[in-house]
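Hi,

Here is the structure we talked about.

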Amino acid sequence: MEEIFQILWANRMLGIPFSLDSGERVRVIDPGILNRDSGPDFFNAKVKIGGNTWVGNIEIHMRASDWNRHGHDSDPAYDNVILHVVALSDTRIHRHDNTEIPQMQVRLPENFYQTFAFLTKSSPEIRCASRLQLIDRLRRADWIETLSIERLQHKSSRIEETLRCSNGDWNAACFLILARALGFGLNGLPFEMLAQSIHLNHLRRHSDNILQMEAIFFGQAGMLDPTINRDDRRYQLMCREYQFLARKYSMHPIQKSAWKFARTRPQNLPYRRIALLAKAMAETPDLLQRIIKTKGDEDMLRQLFKWQVDPYWSRRLTFGGDCQTEANPPSLSDTSISVLLINVAAPLLYTYALLHCDHEMKEAATGLLSGLPPERNAIVRSWQQLGFTAKDAGTTQALIHLRKEYCDRHECLRCRFGQYILRRDVAEP
């Protein structure tokens with residue numbers, strides 16, 4: 001509960017006016033900076049007590065007696081605390097030199113606790129749905145715009161971590177990010193595992209031979225077994241190529257059981273996606289550099305991501321068996337390419353711009369998202385049913401981030417919507 005009061009204090013959600021236990025009025029000019037290490041809870045706060053302005057630290061406790069219980073009365077690190085904020089003032093508190101510290105008791109109305117319990121209760125639904133109409137359109141738009149950038153920064157942090165694990169090799173990091181994205185959620189992890197099992201230098205040596213490229217990818221995916229599909233000549237050629245290349249490069253495949261095939265549309269089966277990844281790495285081993293050269297131009301990016309699988313896959317969805325009557329599209333659909341632009345191109349542009357202090361490229365990354373059509377999925381539809389209009393991919397990314405990082409994690413106190421609803425309960429008990 002103490003952490004809740006810290007968040008409330010940081011976001012000015014404890015209501016007004018304030019007064020000390022002694023009766024003097026208190027005005028919070030700046031709540032300070034939350035300290036997540038040892039020491040007082042907030043640094044560099046500024047408050048006005050009576051006619052005097054004080055600058056220093058703030059300590060927050062549920063009970064005033066926690067000050068002594070935690071040993072702050074004998075710790076010099078707490079000597080510059082200018083205000084003690086408590087839910088229950090059960091004692092007076094002092095510094096280690098015995099000087100008294102101003103203390104302020106804050107009482108929250110009962111309906112605040114009821115609303116907080118309701119919002120943070122575990123549920124598959126959006127808990128604040130019935131009260132979202134209280135939030136005006138301007139507040140909604142402002143938070144959604146912030147969330148769109150936050151989502152991009154969240155992805156950027158993951159790319160930076162991938163880059164660190166790749167020893168600063170942008171091409172290797174880009175390979176991992178593309179592979180993960182081609183899993184389209186369901187097979188994202190096995191695709192990432194597949195990419196991690198393959199060295200880029202090995203691919204570069206065979207990029208002019210698509211059969212060998214596919215042999216490496218399908219072999220490492222654990223999908224090549226020379227004892228089956230004996231009538232499929234290309235499959236058997238891949239098996240022989242992989243056996244040779246695996247010995248040459250000391251490669252070891254991942255477990256085939258990692259791949260998910262159930263409840264998957266035929267066009268989304270891993271086989272064609274793996275073939276597409278092999279073609280992508282054969283044609284664009286320098287994918288990041290090409291993405292950068294587009295400067296975020298959507299048409300150029302769409303053309304860049306329009307790889308076409310080998311003709312072998314034109315009437316096949318898997319190895320062996322009879323060919324289909326109708327031909328398969330040789331490349332990804334426009335919708336699937338949009339997904340790659342959202343999850344690969346825009347985050348890579350944004351991260352590269354951050355690390356190279358390129359403001360124009362950052363703008364290009366955010367502009368790309370605002371120019372792409374809105375995504376269609378269950379999360380977006382759930383927000384649309386609550387009156388949120390998804391005009392572009394930047395908006396849908398914001399709505400996805402809101403659901404995954406705030407609603408599902410019960411982070412209502414860190415969500416501006418939750419803060420607004422709870423602040424109303426403080427101001428209107």
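This is a predicted model: local features need pLDDT of at least 70, side-chain atom pairs count only at pLDDT 80 or more; totals for chains, interfaces and linings use all residues.

Phe 218 is buried, at 0% relative accessible area (buried is under 20%, exposed over 50%, partly exposed in between, with a 1.4 Å probe and protein chains only). Residues are numbered from 1 along each chain as its sequence is written, and side-chain values use heavy atoms, with hydrogens and water left out.

So what does Phe 218 pair with? Its partner is Trp 313, and the two rings are stacked, with 5.7 Å from centre to centre and 25° between the planes. For the cut-offs, rings of Phe, Tyr and Trp (its six-membered ring) pair if their centres lie within 6.5 Å; planes under 30 degrees apart are stacked, over 60 edge-to-face, and the rest tilted. Phe 218 is in helix H8 and Trp 313 in the loop between helix H12 (298-304) and helix H13 (334-355), so the pair ties together parts 95 residues apart in sequence. Helices here are DSSP runs (H or I, at least four residues), numbered from the N terminus. Trp 313 is buried too, also at 0%.

Both rings belong to a cluster linked by ring pairs, together with Tyr 235, Phe 261, Tyr 271, Tyr 312 and Phe 319.

Across the model the count is 17 aromatic pairs. One of them is Phe 175 with Phe 217: the centres are 6.2 Å apart and the planes at 90°, so this pair is edge-to-face. It links helix H5 (residues 170-182), which holds Phe 175, to helix H8 (residues 210-220), which holds Phe 217, and the two residues are 42 apart. Phe 175 is buried at 3%, and Phe 217 is buried at 0%.

Arg 127 lies over the face of Phe 118, 4.4 Å from the ring centre, and Arg 140 over the face of Phe 388, at 4.5 Å.

How many disulfides are there? Zero, from a search of the whole structure, with a disulfide taken as a pair of cysteine sulfur atoms within 2.5 Å. For Cys 415, the nearest cysteine sulfur belongs to Cys 407, 6.3 Å away. Cys 415 is buried, at 8% relative accessibility, whereas Cys 357 is exposed, at 73%.

Cheers

Terms used: A charge sits over a ring if NZ of Lys or CZ of Arg is within 6 Å of the ring centre and within 35 degrees of the ring normal.
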